[in-house]
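The sequence and the structure are shown first.

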Amino acid sequence: MRREFRPAQIGRLNGAARPAEWPTARIIVSHMPAGSDDGFVKDIRKQSQDFPGWYNDVVRKAELADNSPVAGSMVIRPYGYSLWENIRDPLDALIKQTGHENWYFPALIPLSFLQKEKEHVAGFAPEFQLVTHGGGKELEEPLVLRPTSETMIASVLRNYIQSYRDLPVLTNQWNNVFRWELRTRFFLRTREFLWQEGHTFHETAAEAEEEVDRMLECYRQICEDWCAMPVFLGRKSETEKFAGAQYSTAVEAMMKDGKALQAGTSHYFGQNFTRAYDLTFTDRSNQREHPHSTSWGMSTRMVGAVVMAHGDDFGLQLPPRIAPIQVVVVPIFRTEDEKSQIQEALGPALHPAAGVRVKVDWRDERPGFKFNEWELKGVPLRIEVGPRDLAKGEVLLVRRLDRSKKESVPLLMLKSRLPEALSEIQQAMYARALQFRTEHTVRLDSLAAMVDFFEHRIGFVITPWCGRAEDEKLVQERTGGATTRVIPKNAAKPAGACAVCGTPAVSDVIWAKAY
RNA sequence: CGGGGCGUAGCUCAGCCAGGUUAGAGCGCACGGUUCGGGACCGUGAGGUCGGUGGUUCAAAUCCACUCGCCCCGACCA
C-alpha cells in the first residue's frame, strides 16, 4: 500500500560498474560448528522471550548508550552517537533543501511564556523542569528547561515578522529538550533527549498545511530510504494530537514486537500560537493578521526505532546507509608475515577513496570472538580474509542478514562488489521489514475481533472509525492498551460502519499498542 | 503516588535465616606465555567505606531501627 522502495545510493559510495571480464562471485553456504549457532548468545536476552530485556541488553552491549549518574537520562556512546549522526545529517540536508534555516534559541524559557497558550501548558506542565535559582539568589520568575520551543520561537519571531513580505519564515533548530518522564527507556523515552524542531510561519493556512505535509514526507524518506523502516503516514486523532495543535500528523513504524512507534510528527497550529503570542503581520490588503504556524520534530528516538525494527537474537542489524561501520574486516593470521600479506592485499581494495565506511579489526582477539561482537553491533557486511583466501586471491563476504552464507569474492572485484552488496542489503532490509509489517497488519470490522486480535496476536489493526474519543477509550480498556495511531493518508473513505460503535464511519484508522 | 523486589569488586551474584580468623566465585581488567577460519587456555596480579546513619553485642555484610538509591507492575508520554 506504500510506494515502491526507491533504490538508494549507499551513503557516499561511488557505484563503480563491474567490468564484464572479471570473474563472478560464488556463494557458498558454510556450516558452523555444532553448538555455535543454537540460538544461545552470550550477554543478551532473547528477543522472542523478553523483548524489553533484549532491547535493553542490545543497547548497552552494542555500546549505543548506557545509564548515567542522572536518573532518567542516558549517556549516548560514540557508536550510538555516530548512528544518530547518520540519521541526523541526511535529515538536516533535507530540511535545508526544503528551504529551512537553522537557528538556535535558548534552552531556558520564562515560565510565563509557556502559560500563554492554554492547551499547550495543560499538556506540558506535568513535565516541566524548573530553574529557580541563579547566582545564589532566587529568580524573580522561574525558568523552564524547554520541553519544546513553540513559545520561545513565537516570542522571538514577533520582532522579525512585520509584513507578508517577511513570510514565510522557515526555522529549524537542533537541540536537547527536557521532559520529566516517569518510566524511561533508552532512546525511546528519557528525561533529556536530542532532536530537531522545525517551526514555520506562513501567510495562509493552505501554505502552512502544505508545509506540514512536506515535512512529514521528509520524515518518511528518512525512515524508509535511510533507516529501511516502512511507515504509515497519517493524521492523529483528537486525543492523540499535540497539545495546542489544530491537528497533528505522524509517521508510525512497526517494531518487531508488533508495537507501533511514532517516528516523527508534524503539526498544524493554525493561528493558535501566533494569536496567543500576539504575533502579527500586515497582509496584502493592509490588514493586521496572525500568521499560520507549524512545527515538526524527529528525535534520537529514531535510534531505538532502528534497533527494534531490525534487530534479532544476535543483536543489532543496521541498514547500510546509516551504519557507522558498513564493512568490518576480520583478518585471520598467525604470524607477522601473514599479517603483512593481508595488509598488502587489502590496501588498494579498501582505500578510503572507495567511499565505503570500513574498519579493519586488528585487535589481538580470536576471529570467532570478533565475528560475534561485530554481529552484535549490527555491522551489515563482514570480510573474512586469511592465508587460505589470499592463496586463491579471494576474500569471504558475510552479510549480517544471513550469517551462515559466505560469499567468496575475488580481491579484484572487492571494490565494486562492496557498494553493490551494501545496496542489496539496504533493499533487503526494507523488504523484510515491509513483509513483517504486512504479515502483522489486519483489517477488522468489529470490537470483538479487535479484542481477540490484541489478546492473541501482535501488530496493527485497521478498521473503519467514526472518530469519537469514547471509542478510543473503550478500545484501550478492552484491548489492554491499544490506541489509535494514525488515520492513514489518502485512504479511501470506508463505506461501512465504525468497528467500535456501529455508527457511520468517517475514515479508516490504525490501532496498535504503542511506545 | 499505590503494590512487589533488590542494594556485597567494573558486571552478575554467593555468604545473611542459626553473628566469630585476613569477605568469596564467575566474568571483565593488567602482565607473561601458549593460541588464532564461529565467543581459547594456563599462570600471576590489581581491584571492596559489604548503599548510608544510628543501635544491640566482647564481636555485625549477617540482628534491630531509620534513611537513601535502584529495578519491576499500575495512572502520563517525542
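The sections below treat the domains, the contact between two of them, and selected salt bridges.

## Domain organisation

The model is predicted. Chain A is divided into three parts: domain 1 comprises 26–33 + 318–438, domain 2 covers 63–310, and domain 3 covers 441–512. Taken over C-alpha atoms, the centres of domain 2 and domain 3 lie 28 Å apart. To their contact, domain 2 contributes 19 residues and domain 3 contributes 16 residues.

## The contact between domain 2 and domain 3

Between them, domain 2 and domain 3 bury about 1400 Å², with 64% of this area on carbon and sulfur atoms. Polar interactions are also present: 7 residue pairs are in polar contact across the two domains, counting pairs with both residues at pLDDT 80 or more. On the side of domain 2 that touches domain 3, the elements giving two or more residues are strand 10 (231–235), strand 11 (247–254) and strand 12 (260–270). The residues of this side comprise 6 nonpolar, 5 polar and 8 charged.

The number of salt bridges between domain 2 and domain 3 is 2. E240 is paired with R485 in a salt bridge, and their closest N and O atoms are 3.6 Å apart.

## Salt bridges and burial

Side chains of opposite charge can pair when their charged atoms come close. The structure holds 35 salt bridges. In one of these, the side chains of E203 and R284 meet at an N to O distance of 2.6 Å. These partners are 81 residues apart and link distant parts of the chain: E203 is in the loop between strand 9 (192–202) and helix 6 (205–226), while R284 is in the loop between strand 13 (281–282) and strand 14 (288–289). E203 counts as buried because its relative accessibility is 16%, whereas R284, with a relative accessible area of 60%, is exposed.

In the salt bridge between K370 and D361, the closest N and O atoms are 3.9 Å apart. K370 counts as buried, at 1% relative accessibility, and D361 is buried with a relative accessible area of 1%.

E375 and R403 form a salt bridge with their closest N and O atoms 2.6 Å apart. E375 belongs to helix 10 (residues 367–376) and R403 to the loop between strand 19 (394–399) and strand 20 (405–410), so that the pair, 28 residues apart, links distant parts of the chain. Both E375 and R403 are buried. Through salt bridges that share partners, E375, R382, E384, R403 and K406 are joined into one network.

Definitions and conventions:
Residues numbered from 1 in each chain as written. Chains lettered and ligands numbered in written order. Predicted model: local features only at pLDDT ≥ 70, side-chain atom pairs only at ≥ 80, totals over all residues. Heavy atoms only, no water. Domains from an automatic or database assignment. Contact = heavy atoms within 4.5 Å. Buried area = accessible area lost by both parts, 1.4 Å probe. Salt bridge = Lys/Arg side-chain N within 4 Å of Asp/Glu carboxyl O. Polar contact = N/O pair within 3.5 Å; in protein donor to acceptor, adjacent residues only side chain to side chain. Helix = DSSP H or I, 4+ residues; strand = E, 2+ residues; numbered from the N terminus. Nonpolar A, V, L, I, M, F, W, Y, C, P; charged D, E, K, R; others polar. Buried < 20%, exposed > 50% of the residue type's maximum accessible area, 1.4 Å probe, protein only.
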